[in-house]
Amino acid sequence: MELLDGKKISNQIKDEIAAEVAEMKKKGEKVPHLAAVLVGNDGASLTYVGSKVKACERVGFESTLVKLPSTISEVELLKKIKDLNEDDDIDGFIVQLPLPKQIDTQKVLMAVDPDKDVDGFHPVNFGKMALDMTTFIPATPFGILELLERYNVETKGKHTVVIGRSHIVGRPMSILMGRRGFPGNSTVTLTHSHTKNITQITSQADIIITALGQPNYLKAEMVKDDAVIIDVGITRVPDESAARGYRIVGDVDFENVSKKASYITPVPGGVGPMTIAMLLKNTLLARERHMIRKEDQ
């Protein structure tokens with residue numbers, strides 16, 4: 001069994017990006033600029049956005065944190081997004097989810113300029129991804145592809161089972177694993193809460209990607225020997241013996257499944273760090289696109 005070490009690979013990617021940014025600075029070029037919109041004071045969102053800002057500092061990006069009150073109206077938030085769309089200094093930006101109840105999340109995501117949508121959530125980018133066109137791939141699926149590629153995990157002709165059909169992970173992963181090229185060319189089964197006989201399906205899988213958010217859902221008896229396991233789940237489970245009073249747990253019963261797997265991602269330290277690394281990569285790609293467009297004008 002080999003660990004798919006997201007922490008190690010994400011650090012490699014950040015070092016590669018930092019080297020590119022250093023070259024830009026040397027040439028006197030504009031460095032990439034990522035903005036994050038944070039509405040309200042959700043603890044997990046604050047932590048996540050904070051780690052994005054730190055990652056920007058590490059690679060030499062400029063970053064802007066737009067903090068807005070949880071009472072903001074939809075109209076005001078849409079105006080803020082319009083300002084970011086029109087700000088030439090900002091290459092890409094994300095709107096941290098979840099948003100407060102008074103705001104239509106779909107309307108907000110639709111308002112983001114697809115050329116600055118480094119989260120890859122806009123229907124234009126999702127559609128391009130589904131058609132194998134160059135676009136922003138959502139950061140978590142992008143990170144999973146990068147892990148599989150850097151560890152040279154064979155995907156061609158393999159049976160990939162995706163558990164969970166969210167628009168952020170499950171649905172895009174099912175499309176990407178079936179695309180032409182590497183990683184891809186696998187036969188994909190997308191499972192969800194209405195799937196019957198799920199153990200029968202997972203026990204035939206060469207690769208399992210689970211993004212449910214149910215602690216220890218995937219048990220050893222659901223997995224065949226030498227399967228590749230990608231655990232996207234991340235849940236805080238109360239634990240009196242832990243210093244913080246909780247443990248971070250994935251969707252996979254790691255202790256038992258790891259004994260059967262050929263490759264497996266740990267939680268934490270697997271897919272999570274890759275998500276932030278690929279958000280930086282998307283911002284770098286956004287900046288390159290904007291420079292090319294300027295040259296063409």
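How far apart do the C-alpha centres of domain 1 and domain 2 lie? In this predicted model, they lie 28 Å apart.

## Two domains and an annotated span

Let's start with the overall layout. Domain 1 runs over residues 27-113, and domain 2 covers 139-272. UniProt, in an unreviewed entry, lists residues 138-290 as "domain: Tetrahydrofolate dehydrogenase/cyclohydrolase NAD(P)-binding".

## The largest pocket

The largest pocket holds about 1,700 Å³.

Sorted by class, the lining has 25 nonpolar residues, 15 polar ones and nine charged ones. Several helices and strands each supply at least two lining residues, among them α1 (6-26), α6 (139-150) and α10 (271-296), along with the strands β4 (92-95), β9 (235-238) and β10 (246-249). Which element gives the most to the lining? That is α2, with eight residues; this helix spans 43-59.

## The annotated binding site

Next come the residues flagged in the record. The unreviewed UniProt entry gives the annotation "binding site" to G164, R165, S166 and I234. Of these residues, S166 and I234 are included in the lining of the largest pocket.

## A closer look at G164 and R165

Here are two neighbours in the annotated set. G164 sits in the loop that joins β5 (159-163) to α7 (170-177), and R165 lies in the loop between β5 and α7 as well. Is G164 buried or exposed? With a relative accessible area of 5%, G164 is buried, because the cut-off for buried is under 20%. R165 has 36% relative accessibility and counts as partly exposed.

Their contacts, leaving aside residues up to four places away in sequence, can be followed one by one. G164 touches G170, R171, L190, T191, A211 and L212. R165 likewise touches G170, R171, L190 and T191, and its list also includes H192, S193 and H194.

Note on methods
Residues numbered from 1 in each chain as written. Predicted model: local features only at pLDDT ≥ 70, side-chain atom pairs only at ≥ 80, totals over all residues. Heavy atoms only, no water. UniProt positions renumbered as here; feature names shortened; annotations may be inferred. 1 Å grid on protein atoms, 1.4 Å probe; cavity = no way out; pocket = protein on both sides within 12 Å on 5 of 7 lines; lining within 4 Å. Helix = DSSP H or I, 4+ residues; strand = E, 2+ residues; numbered from the N terminus. Buried < 20%, exposed > 50% of the residue type's maximum accessible area, 1.4 Å probe, protein only. Contact = heavy atoms within 4.5 Å. Domains from an automatic or database assignment. Points joined across faces, edges and corners; volume = space filled by probe spheres on them. Nonpolar A, V, L, I, M, F, W, Y, C, P; charged D, E, K, R; others polar.
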